[in-house]
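Here is a friendly tour of one model, written for someone who likes to see the cut-offs alongside the contacts. Keep the viewer open while you read.

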Amino acid sequence: MPSLRTLQAFADTVESNDHVGAIRNFYAVDARTQENDGEWRVGREALAAREAAVLAAVAGVKTTRFGPLLLDGDHSAICWRFEFTAKDGKVRSMEEVAWQTWRGEELVEERFFYDPQQMAR
C-alpha cells in the first residue's frame, strides 16, 4: 500500500508535466497499463518510451488534477484533464480517470478510462 505522501508525489510529478519521470520514478519494473479496453502495455521502460513518443508528437501538454486523490489500501484513483497543443497550435483536451494498483510504494497497474471522442473535437 502506498503512503499518501507517495501518491501525492506521483500526482505532483504528473501535474508538473514530467510524465516520463513519473513512470520512471514510481512505476515498478514490471508495471502494466491499459487504455479503456485496449491491449495491456507491459514494462516500465517500454511505458516510458511510449510516453516520450506521445509527448514528442505534440508541441506541449498542460496537466491538471481534478478533485482529491483517492486512496484505499493498494488502490488509488485520480481524475485528470490534459490539454494537448498540437504542433500546428490547435489545442485539444481530454479528461480521464486513472485507476491504479500499487505494490508497496510502486505502481504496478494503471488503467485509464476516458471517452476517445474527446480528442476528435
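Predicted model: local features only at pLDDT ≥ 70, side-chain atom pairs only at ≥ 80, totals over all residues.

Residues are numbered from 1 along each chain as its sequence is written, and side-chain values use heavy atoms, with hydrogens and water left out.

Helices (H or I, at least four residues) and strands (E, at least two) are DSSP runs, numbered from the N terminus. Apart from residues up to four places away in sequence, Arg44 touches Ile23, Arg24, Tyr27, Ala28, Val29 and Ala31.

Which residues touch the most other members of the largest nonpolar core? They are Phe10, Tyr27, Ile78, Trp80, Phe82 and Phe84, out of 24 residues. Such a core is a set of buried Ala, Val, Leu, Ile, Met, Phe, Trp, Tyr and Cys residues joined through side-chain atoms within 4.5 Å. At least two of its residues come from each of α1, α2, β1, α3, β3 (60-72), β4 (75-85), β5 and β6.

The table gives relative accessibility, where buried means under 20%, exposed over 50% and partly exposed in between (1.4 Å probe, protein chains only).

| Residue | Relative accessibility | Class |
|---|---|---|
| Phe10 | 3% | buried |
| Phe26 | 13% | buried |
| Arg44 | 19% | buried |

Now for the rings. The structure holds four aromatic pairs; rings of Phe, Tyr and Trp (its six-membered ring) pair if their centres lie within 6.5 Å, with planes under 30 degrees apart counted as stacked, over 60 as edge-to-face and the rest as tilted. Phe10 and Phe26 have ring centres 5.6 Å apart and planes at 85°, so this pair is edge-to-face. Because Phe10 lies in helix α1 (residues 4-15) and Phe26 in helix α2 (residues 19-26), the pair ties together parts that are 16 residues apart in sequence. Ring pairs link Phe10, Phe26 and Trp102 into a cluster.

Trp102 also has a bridge partner in β6, Leu107. Strands pair if DSSP finds at least two bridges between them: β5 (residues 91-103) and β6 do so in the antiparallel sense over eight bridges, whereas β1 (residues 27-35) and β6 (residues 106-114) run parallel over five bridges.

How values were computed:
Contact = heavy atoms within 4.5 Å.
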